[in-house]
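Jotting things down as I go.

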Amino acid sequence: YACRFSAAVEGSGDTPAAYDAVSGARQCSLPAAVTADAAGSVTVSRNGIDFTSAGSLTLVSYESPLVTSASPLSGPLSGGAIVTLSGVRLDGGTRQQCRFGAVHIVDGMPTLGGLALECIAPSLPTAASYAIAVSMNGVNFEDTGYAFAAYAAPNITSIGPLSSEAAGGAVIDVRGANLDGGTERLCRFGARATAAATIVAA
């Protein structure tokens, strides 16, 4: 078995097709000399001589993505946090995805002309740190060097004092459980006023 990438892809040639016993599929490696952003057809052979079309399949190549920042780096176990990865070449390929840990995969939305990729964090099983990886084809993932910390929802049992001078400055004591999760802890007063929170007892 072999695959041939059309002349429309610079540097293309015939490559052996390996057999994947798990999926039952034949797998061909893309020649290393393929030009990024090139597109071309794929033909397959069972005898290394006669090649036939692989149908309407079109191959799209891309340059490796580079992630330079990620935010936020934490969110609830239930999922839903919109994680924005910033960098370059984040819109290549045909299916952009984010992976949290080893198996938790979600589709991504490229923005800003490939300078950012937005992924909605999935529901995660335990409060832990999950390495973030990205894929431009839904198969091959690359580590970003960033991790997402999932935390249990906080359970507040008491707050005090419940009043302060208009000038502010009162120290508000918030008590309960799961108040030490996440990477950036804030208290919000009303719609917009926020203040950094300090953990005094886990």
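Ground rules: I'm working with a predicted model, where local features need pLDDT of at least 70, side-chain atom pairs count only at pLDDT 80 or more, and totals for chains, interfaces and linings use all residues. I number residues from 1 along each chain as its sequence is written, and side-chain values use heavy atoms, with hydrogens and water left out.

Entry one, S135. I found S135 in strand β12, residues 129-135 (strands are DSSP runs of E, at least two residues, numbered from the N terminus). Buried or exposed? I get a relative accessible area of 1%, so S135 is buried (buried is under 20%, exposed over 50%, partly exposed in between, with a 1.4 Å probe and protein chains only).

I looked up which residues S135 touches: leaving out those up to four places away in sequence, they are R95, Q96, Q97, N140 and F141 (contact means heavy atoms within 4.5 Å). The S135 side chain also reaches the backbone oxygen of N140 at 2.9 Å.

Entry two, salt bridges. How many does the structure hold? I count two (a side-chain nitrogen of Lys or Arg within 4 Å of a carboxyl oxygen of Asp or Glu).

R95 turns up again here, paired with D107, with the closest N and O atoms 3.2 Å apart. R95 sits in the loop between β8 and β9, D107 in strand β10, 12 residues apart. I have R95 as partly exposed at 43% and D107 as partly exposed at 46%.

The other pair I noted is D173 with R175, 2.7 Å from N to O. D173 is partly exposed at 31%, while R175 is exposed at 51%.

Conventions:
Helix = DSSP H or I, 4+ residues; strand = E, 2+ residues; numbered from the N terminus. Polar contact = N/O pair within 3.5 Å; in protein donor to acceptor, adjacent residues only side chain to side chain.
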